[in-house]
Amino acid sequence: MSPSENTPENKQENGTAAARTVFLLAHTGRPAAIRSAELVVRGLLRSGIGVRVLRAEAADLPLPAEPEIVEDANPECLDDCELLIVLGGDGTLLRGAELARASGVPMLGVNLGRVGFLAEAERDDLDKVVDRVVTRAYEVEERMTLDVLVHNNGTVVHRDWALNEAAVQKVSPERMLEVVLEIDGRPVTGFGCDGIVCATPTGSTAYAFSAGGPVVWPEVEALLMVPISAHALFAKPLVTSPTSVLAVEVQPHTPHGVLWCDGRRTVELPAGARVEVRRGAVPVRLARLHHASFTDRLVAKFALPVQGWRGAPH
């Protein structure tokens with residue numbers, strides 16, 4: 001999907017191109033983010049593209065006077081923006097994903113952290129990022145999300161969502177969490193464990209990866225269920241249809257647990273609670289600069305050893 005096909009910024013009114021605005025979100029606690037934000041803002045402003053930033057972040061950034069300042073990070077602050085540029089590590093990128101999902105504005109991530117699978121560029125690519133934004137040389141893809149419901153005594157007590165994963169975890173370090181897993185209304189197995197990760201393909205390289213789950217290519221539509229330190233013979237990662245409904249029931253006799261969505265939002269799970277996870281109704285839109293395969297991205301991000309590879313015979 002090309003931005004020239006579906007963004008209002010690319011339309012013309014009365015023969016004049018509409019003004020373009022980009023929202024910038026940065027982790028200003030990182031010196032690298034401050035330097036990077038200044039480079040991006042100055043580059044965009046020189047090219048006639050407006051920049052909007054949060055007041056709390058603008059105070060920490062040595063920016064020129066031209067950026068537009070907004071008070072609060074909410075979906076409305078991205079009104080009329082064609083792109084959300086996020087500078088930071090995984091936590092900042094997930095914070096940006098919350099705004100991107102709620103507003104429908106594509107997110108372009110620049111990794112200033114360690115792995116940064118959600119990021120499209122690294123800090124050394126800032127000049128290229130600015131150039132691609134100015135020339136609209138990027139494409140937009142949609143990433144699957146999760147919708148999460150928490151039931152207690154037959155009543156929905158919490159609704160949430162996740163881009164990477166919804167994780168049911170134990171709270172007490174000395175006792176396991178007793179759970180029963182369910183797929184599409186049928187029980188699969190039960191055991192004691194440290195937790196269960198329900199993930200998207202995007203999240204397969206995040207928490208689910210650390211728990212021993214499979215790496216799933218982003219274009220594969222599927223849901224993952226990955227046990228964490230399960231005390232059981234059958235506790236393998238499960239990969240299901242994208243239309244499946246995954247459920248984790250916390251047993252009534254076990255200590256209470258906790259639900260984490262993308263490691264950012266949490267709610268307590270009393271004994272007997274039931275967590276249902278299904279494909280999200282609203283995706284997150286990511287701006288892409290590169291056509292490199294996910295295989296190459298995987299090798300680069302994890303510094304995988306590929307020396308000796310000769311490729312297919314000619």
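How many bridges join β6 to strand β7, and in which sense do the two run? In this predicted model, the count is five, and β6 and β7 (residues 107–111) run parallel. One of the pairs can be picked out by name: Val86 has Gly109 as its bridge partner in β7. To get from β6 to β7, the chain passes through helix α4 (residues 90–103), and this β-α-β crossover is right-handed.

There's also strand β3 (residues 21–26), which is joined to β6 by five bridges and again runs parallel with β6.

Another part of the chain holds an open sheet. Six strands build this sheet, and reading across gives the order β17-β16-β15-β12-β19-β20, with antiparallel pairing. The edges belong to β17 (238–240) and β20 (265–269); each has a single partner strand, so one side of each is left without a neighbour in the sheet. On average, and ignoring direction, neighbouring strands of this sheet are turned by 15° against each other.

Zooming in on one pair from that order, β12 (residues 165–170) and β19 (residues 257–261) are held in antiparallel pairing over five bridges. Val168 is bridged to Leu259 in β19.

Note on methods: Residues numbered from 1 in each chain as written. Predicted model: local features only at pLDDT ≥ 70, side-chain atom pairs only at ≥ 80, totals over all residues. Heavy atoms only, no water. Pairing = 2+ DSSP bridges. Helix = DSSP H or I, 4+ residues; strand = E, 2+ residues; numbered from the N terminus. Axes fitted to C-alpha atoms, helices over the stretch in contact; angles between N-to-C directions. Right-handed = clockwise from strand over helix to strand, strands pointing away.
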